[in-house]
Amino acid sequence: MKTRFLALLLVVAGCTREQPPVDSDWDTYLGDNARRHFSPLTQITRENVSQLAVAWEYDSGELRGQASTMYTSPLVIDGVLYGLSPKLDAFALNAATGEEFWRRASDDQGNAQRGLMWWEKGSDRRLYYTSGSDLIALNAGNGRLVETFGDSGTLSLIPDDGKTGYMSVTVPGVIFEDLILLGFSTTEDADARKGSVRAYSAMSGDLVWQFNTLPGPGDPGAETWSEDALDRAGGANVWTGMALDDERGILFAPTGSATPDFYGASRPGDNLYANSLVAIDVRSGELLWHYQVVRHDLWDRDNPSPPTLVQLRRRGELIDAVALTTKSGHLYLFESETGESLYAIAEEPTLPSTLPGEIVAPSQPVSAVAFSRQAFELTNRTPEARAHVADVIRDWDLRRWAPPKVGTVLIYPWYDGGAEWGGSAFDPEDQRLILNAQDVAGILKLTEVPVGFSNYGTYMLHCGACHGEKLEGNETGPSLTDAIERLGYSAVIDLIRKGAGRMPGFAQLDDAQMRGVLRYLARPERGQDPPTTEVGYALGGYTYLRDHENLPGNTPPWGTLNSIDLATGKIEWKVPFGNYPSHPDLGHGAVNYGGPVVTASGLIF
């Protein structure tokens with residue numbers, strides 16, 4: 001049976017047009033390089049939005065059981081819609097009818113990819129997108145590879161950094177003049193690649209410049225690391241997308257955490273430029289300014305979404321600024337050219353670690369503007385729910401900024417925010433930031449892992465965070481119980497090597513590591529192998545705190561849609577967003593992803 005993957009075009013009944021209006025192009029991921037999520041179109045209004053009807057559907061044809069999610073936000077240029085199927089087949093459709101103009105088959109197994117990039121110069125019109133670690137250039141007119149780019153249309157992006165970890169690019173980069181600007185994703189373990197932002201020629205694929213978001217010894221920022229930590233460190237990569245001030249030529253890159261996550265004894269110091277907003281000269285690759293929002297991150301508080309370029313008026317002056325939303329539920333706002341913070345930032349003291357060798361940063365900078373609650377409150381939904389959660393958390397560490405430990409710490413908001421990867425929209429008329437957010441508590445539990453490559457230790461380091469300590473699965477990954485019995489050894493090995501959907505490939509695992517993972521998948525009841533000489537630590541799973549009915553264990557709302565006045569930081573309105581299918585009438589909101597689009601006619605989609 002085929003699963004239907006649909007690209008939907010919604011039009012006002014009775015108001016369709018033969019040709020799109022001149023301002024109807026959506027030629028850049030999230031609307032423009034400023035990542036404003038704003039459409040100037042006004043045809044759909046508050047008065048007629050209820051008349052929307054499906055105009056056409058497009059089935060990409062992938063079968064159930066193959067990669068099953070269409071991540072891509074399509075582009076529309078001159079009446080042609082460009083998209084990517086779950087397997088990353090590129091296609092072009094008539095945006096008015098859904099008729100397929102061309103389709104290019106891919107050998108991809110289903111890597112996540114959120115969109116495409118458009119470039120044109122004269123009659124040369126190209127589409128660029130990434131498939132895993134490859135950058136692909138297509139002729140927009142016929143879908144064929146551009147033979148003069150890279151190696152006959154494909155360019156490998158794997159960096160030469162002495163690391164072996166997985167890398168891919170899952171979000172469109174930025175096109176500026178004849179440059180393609182890209183970050184990348186990597187693992188969150190000790191084998192993670194060293195983060196960087198790279199600029200490539202859109203004509204040839206040649207590397208033009210590179211800014212290392214993880215500095216080399218002696219580079220600016222290296223003083224925030226211990227003397228030998230930079231040799232071992234990885235991460236601080238830009239995985240979620242960037243914004244560009246086209247007029248000033250400033251690229252804004254939000255970075256992730258340094259690796260390994262949750263246990264930072266091997267990387268003492270504040271760890272620049274991890275967990276930072278970095279402003280880069282787009283033509284030279286030189287650093288202009290930076291701000292670090294989490295020092296020596298132990299909570300996986302990597303910056304989750306592209307920044308949004310905004311404007312606000314203070315004391316009669318129009319100010320250009322960049323807005324950064326975070327997993328902790330805080331909004332940071334910086335003046336574009338100088339990096340001066342436009343909101344007050346306080347230093348909050350942290351707590352010491354109980355893990356050997358771990359040195360926690362003494363304090364953390366916290367914005368005065370928060371769109372998610374900062375204090376955990378036990379659910380009051382029903383007496384049964386309250387009693388269940390109270391029993392679950394009885395021995396947990398509930399203190400704010402409690403560092404990870406062997407045992408359980410409550411993390412609030414949880415790993416996926418606050419804000420998440422969808423990003424924010426800017427309403428230029430009211431100068432407000434529109435964003436969806438989540439407001440649930442998470443479980444931070446470290447497990448002691450013996451050094452060496454024990455079956456259990458290898459599984460926990462590479463698989464446990466997404467699939468659970470006992471293969472039970474969680475919000476990030478499915479259950480692996482009986483995976484080998486259901487799929488067979490060959491299929492499981494292929495899946496581990498190549499990845500699928502949100503799961504990266506683990507081609508870097510050697511034979512001993514692969515056998516360790518397979519042995520644990522086959523016999524999880526054997527538990528941990530005996531430890532050897534030293535001890536490591538691994539996360540027990542990305543999960544949130546639930547009550548006895550599988551609903552969040554804190555007070556609602558659990559998911560919200562927010563409108564923030566940028567000049568004052570005041571939340572003008574906040575409404576519950578979403579619902580859980582098991583309890584559709586609660587009206588408390590739900591864990592949510594994606595992001596909004598604001599229209600000039602005053603609507604939020």
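**Contacts, strands and a nonpolar core in a predicted model**

Setting aside residues up to four places away in sequence, L155 touches S133, D134, L135, F149, G150, Y200 and G205; a contact here means heavy atoms within 4.5 Å. This is a predicted model, where local features need pLDDT of at least 70 and side-chain atom pairs count only at pLDDT 80 or more, while totals for chains, interfaces and linings use all residues. Residues are numbered from 1 along each chain as its sequence is written, and side-chain values use heavy atoms, with hydrogens and water left out.

L155 itself sits in strand β11 (residues 154-156); strands (E, at least two residues) are DSSP runs, numbered from the N terminus, as are helices (H or I, at least four). With a relative accessible area of 15%, L155 is buried, since buried means under 20%, exposed over 50%, and partly exposed in between (1.4 Å probe, protein chains only). G205, one of the residues it touches, is 50 residues away along the chain, yet the two C-alpha atoms are separated by 6.8 Å.

Where pLDDT is low, the predicted coordinates should not be read in detail.

Next comes the largest nonpolar core, which has 25 residues. Such a core is a set of buried Ala, Val, Leu, Ile, Met, Phe, Trp, Tyr and Cys residues joined through side-chain atoms within 4.5 Å. F262, W299, Y415, L444, L446 and L539 have the most contacts inside it. Strands β29 (407-411), β32 (442-450) and β33 (535-539) each supply at least two residues of this core. Leaving out residues up to four places away in sequence, L539 touches F262, Y415, L444, K445, L446, M460, G464 and A465. In soluble globular proteins, nonpolar side chains tend to be buried together.

Strand β5 (residues 80-84) is mostly covered, with five of its five residues buried. V80, Y82 and L84 point one way, L81 and G83 the other. In a regular strand the side chains alternate between the two faces of the sheet. β5 pairs in the antiparallel sense with β4 (residues 75-77) over three bridges, and with β6 (residues 90-94) over five bridges, also antiparallel; pairing takes at least two DSSP bridges.

A344, in the loop between β26 (331-335) and β27 (345-349), is exposed at a relative accessible area of 56%. Its contacts, not counting residues up to four places away in sequence, are V366, S367 and A368. A344 and A368 are 24 residues apart in sequence and 5.5 Å apart in space, C-alpha to C-alpha. N237, in the loop between β18 (234-235) and β19 (243-245), counts as buried at 7% relative accessibility. Its side chain reaches the backbone oxygen of F184 at 2.9 Å.

Notes. A polar contact is a pair of N or O atoms within 3.5 Å; within protein, one must be able to donate a hydrogen and the other to accept it, and residues adjacent in sequence count only if both atoms are side-chain atoms.
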